[in-house]
Amino acid sequence: METLQIYWWALIALLGALLVFLLFVQGGQTMLFQARDTMTRDLMITTLGRKWELTFTTLVVFGGAFFASFPLYYSTCFGGAYWLWMLILLSFVLQAFSYEFRRKKGNIMGQRVYDGFLFFNGAIGCIMLGVAVGMLFFGADFSIDMSNLTRGNSPVISVWADTHGLEAMISWRNLLLGFMVLMLARTLGALYFMNSIDDGNAFQTRMRRSVIVNGSVFVVLFLTFVTVLLTATGYGITQDGSVVAVSSKFAENLMELWWLGALTGLGVVMVLWGLVKTALKPGYRRGIWWSGIGTVLTVFAMLCSAGYNSTAYLASVTDPASSLTIANSSSSEFTLTIMTWVSAFIPVVVLYIGYVWYKMNAHPVTPDEVMSDSGH
């Protein structure tokens with residue numbers, strides 16, 4: 001049973017890491033109003049339009065995997081902090097709506113309105129997803145009472161704060177992670193534009209400048225977040241099953257689970273290498289691969305550290321005994337076993353996504369292609 005729980009937490013962490021990488025779509029959407037003309041904006045939207053469904057699908061699969069493998073988290077967080085999750089879902093619905101109707105004939109709202117929706121999804125979606133992940137590191141205000149299942153007038157086992165997620169949205173530590181995710185997404189978005197759009201040297205120069213500016217801000221926020229995280233109090237599980245506060249719990253995890261520390265270090269080096277090489281080498285356009293893979297490795301390691309080594313991955317700051325761990329919040333052994341067999345198809349899906357990505361990016365998007373698509 002413990003092996004299955006560890007395995008499924010690793011899959012959850014991997015999906016979360018892939019989601020953070022794919023947020024380059026959202027980061028690119030926040031840069032649309034920086035375009036100097038309509039053609040450049042259409043180029044940016046066209047290349048993002050090739051990938052936005054991957055982000056949306058990964059978010060849905062991430063939520064579905066959490067529901068199937070750790071249902072108590074799903075019912076507690078998704079059901080309790082609903083203002084936070086409703087805002088996230090609203091931003092993604094607006095994104096899908098915008099890509100579908102932005103360039104339709106008879107569009108009465110105008111393309112600028114849909115561009116505004118895309119900006120909203122890019123900015124608010126990234127920040128709020130960062131806030132949601134922040135609760136995995138810094139805890140939330142909730143309590144769990146299993147005996148409520150036997151009470152007809154109060155069948156809800158998870159009771160959230162009266163603000164239902166609003167308190168998490170104003171937590172400075174959660175917001176620190178949220179803005180860090182936003183700046184990472186903008187940096188990756190600029191790197192992606194450089195790799196996928198062929199619109200002359202002027203465009204490449206502007207995107208390189210965006211990489212330098214956004215990447216610098218991201219590095220500062222990342223260092224601040226890591227400092228806060230490694231010195232923050234976490235919650236661990238003792239041998240008798242009780243939950244206790246542990247100072248610098250995440251620093252302890254990275255030291256005791258050496259492979260997590262190694263993955264984190266490797267990921268950080270790859271991200272920085274992609275940024276530095278792009279900034280210093282004119283004409284270099286493949287930084288998205290270094291920084292993208294580095295992002296996946298780093299986020300995967302950090303999410304693993306939130307659940308492994310007897311760590312409460314969703315701690316209750318008001319009732320520590322209600323804190324969720326991979327042991328007390330998972331599905332049954334039968335359910336996890338069946339899902340493990342189903343997960344054998346994941347490599348096939350990953351290979352398919354890789355193939356589609358390769359075919360879609362076989363050549364950079366050009367102005368001629370955009371004009372052809374628009375019927376001009």
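**Figure 1. Helix α7 passes helix α9 in a right-handed crossing.** The model shown is predicted. Two packed helices are described by the angle between their axes and the distance between the axes. For α7 (residues 111-138) and α9 (residues 172-196), the angle is about 135° and the axes lie 7 Å apart. Angles over 145 degrees would count as roughly antiparallel and those from 65 to 115 as roughly perpendicular; α7 and α9 are therefore oblique to each other.

**Figure 2. Residues in the contact between α7 and α9.** On the α7 side, the contact includes Gly-122, Ala-123, Cys-126, Ile-127, Gly-130 and Val-131, and also Gly-134, Phe-137 and Phe-138. On the α9 side, the residues include Arg-173, Asn-174, Leu-175, Leu-177 and Gly-178, as well as Phe-179, Val-181, Leu-182 and Ala-185. By class, the contact of α7 with α9 holds 14 nonpolar residues, five polar and one charged.

**Figure 3. The largest pocket of the predicted model.** Its volume is about 960 Å³. The largest pocket is lined by 29 residues, and those closest to its centre are Leu-15, Leu-18, Thr-58, Val-350 and Ile-353.

**Figure 4. Elements that line the largest pocket.** Two or more residues of the lining come from each of α1 (2-22), α4 (52-69), α13 (287-307), α14 (333-342) and α15 (346-360). Helix α1 gives the most, with seven residues. Sorted by class, the lining of the largest pocket has 23 nonpolar residues, five polar and one charged.

Conventions. Residues are numbered from 1 along each chain as its sequence is written. This is a predicted model: local features need pLDDT of at least 70, side-chain atom pairs count only at pLDDT 80 or more; totals for chains, interfaces and linings use all residues. Side-chain values use heavy atoms; hydrogens and water are left out. Axes are lines fitted to C-alpha atoms, for helices over the stretch in contact, and angles run from 0 to 180 degrees between N-to-C directions. Helices (H or I, at least four residues) and strands (E, at least two) are DSSP runs, numbered from the N terminus. Angles under 35 degrees count as roughly parallel, over 145 as roughly antiparallel, 65 to 115 as roughly perpendicular and the rest as oblique. A crossing is left-handed if the near helix is turned anticlockwise from the far one by less than a right angle, and right-handed if clockwise. Contact means heavy atoms within 4.5 Å. Ala, Val, Leu, Ile, Met, Phe, Trp, Tyr, Cys and Pro count as nonpolar, Asp, Glu, Lys and Arg as charged, and the others, Gly among them, as polar. On a 1 Å grid over the protein atoms alone, a cavity is a set of points where a 1.4 Å probe fits but cannot get out, and a pocket is an open set with protein on both sides within 12 Å along at least five of seven lines; lining residues have an atom within 4 Å of a point. Grid points are joined across faces, edges and corners, and a volume is the space filled by probe spheres set on the points.
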